[in-house]
Amino acid sequence: MTARRALAVIPARMGATRFPGKPLVSLLGKPMVAHVVSRALEAGVFAEVIVATDHDEVARVAEEAGARAVLTGPARSGTDRVAMAVKEIPGEVVLNVQGDEPAVPPENLRLLAGFLLEHPEIPMATLALPGSPADLENPNVVKVVCDDAGRALYFSRAGIPFQRHPAPELVQKHVGLYGFQREVLLRFAALPEHPLETCEGLEQLRALAAGIPIYVLKAQAESVAVDTPADVKRAEKALRQYQQGGG
């Protein structure tokens, strides 16, 4: 039996509204997208690491960092761009690795890829970490609630579950890393944008609304995203800590 292959795909769009040119911003002297490529390569579980981008310079940097670059057209979301990139590349499991998390823990990548490789019956999976009561008030922290089997019931920027009777142990914050069985990724990308997805600005709600189960695993470590220029110093601190830890 042929071994199943996992692909890591990093969507990297130059025209981000809050931070144009983000994939090429320098962090500790190296473009951000190159850091993400390095973390994916360090995970050691991917048949290929791919950068899906709309910009020639990002493609060049990605290839210099050791990834395959695939130029794509406009996309509704990062996952849609990932689906465009893998149409001609064989691989049974596809991870959407966020292009703005330069210190993404390789252990999180190994966890998610390994789970989906071992469980071809699981259509889609993601990660979460314990949250805090303060996270409930922060719309930039996406919360998730799950059923008893570990499947997501809902993701929201709002405070879920509502703490009428305080239960802080039920607060989970979503870690924005997605894994798909290939056919499910292509099905997801063929679906129209859902009103819930548009309302919350959360693409995973398209999958839930279509009845695609999303299994939520406990992340191995925290990650830091660069959403605006103000996040650069925090990301560089995370990178230094990662490097000092032997990563």
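Visitor: Is V61 buried or exposed?

Guide: V61 is buried, with a relative accessible area of 8%. Buried means under 20% relative accessible area, exposed means over 50%, and partly exposed lies in between, using a 1.4 Å probe and protein chains only. Please note that this is a predicted model, in which local features need pLDDT of at least 70, side-chain atom pairs count only at pLDDT 80 or more, and totals for chains, interfaces and linings use all residues. Residues are numbered from 1 along each chain as its sequence is written, and side-chain values use heavy atoms, with hydrogens and water left out.

Visitor: Where is V61 found?

Guide: V61 is found in helix 2. Helices (H or I, at least four residues) and strands (E, at least two) are DSSP runs, numbered from the N terminus.

Visitor: And which residues does V61 touch?

Guide: Leaving aside residues up to four places away in sequence, V61 touches L24, P31, V33 and A34. Contact means heavy atoms within 4.5 Å. The C-alpha atoms of V61 and A34 are separated by 6.7 Å, and these residues are 27 apart along the chain.

Visitor: How do helix 1 and helix 2 cross?

Guide: The axes of helix 1 (residues 32–43) and helix 2 (residues 56–65) come within 9 Å and cross at roughly 35°. Axes are lines fitted to C-alpha atoms, for helices over the stretch in contact, and angles run from 0 to 180 degrees between N-to-C directions.

Visitor: Which residues meet there?

Guide: From helix 1, V33, A34, V37 and L41 meet V58, V61 and A65 of helix 2. By class, this contact has 7 nonpolar, no polar and no charged residues. Here Ala, Val, Leu, Ile, Met, Phe, Trp, Tyr, Cys and Pro count as nonpolar, Asp, Glu, Lys and Arg as charged, and the others, Gly among them, as polar.

Visitor: What about A67, where does that lie?

Guide: A67 lies in the loop between helix 2 and strand 5 (68–71). A67 is buried, with a relative accessible area of 9%. Not counting residues up to four places away in sequence, A67 touches V37, V49, V51 and A62.

Visitor: Moving on, how many residues of helix 3 are buried?

Guide: In helix 3 (residues 78–85), 6 of the 8 residues are buried, so this helix is largely enclosed by the rest of the structure. The buried residues are T79, D80, R81, V82, A83 and A85.

Visitor: What is the phi of L28?

Guide: L28 has a positive phi of about 55°, although it is not a glycine. L28 lies in the loop between strand 2 (26–27) and strand 3 (30–31), and counts as partly exposed at 32% relative accessibility.

Visitor: Which peptide bond is cis?

Guide: The bond from I160 to P161 is cis, with omega near -10°. P161 lies in the loop between strand 9 (152–156) and strand 10 (172–181).

Visitor: Lastly, how many helices and strands does the chain have?

Guide: The chain comes to 9 helices and 11 strands. Its radius of gyration is 17 Å, close to the 18 Å that the globule rule gives for 247 residues, so the chain is as compact as a globular protein of that length. This radius is taken over C-alpha atoms, and the rule is 2.2 Å times the number of residues to the power 0.38. Of the 247 residues, 51% count as buried.
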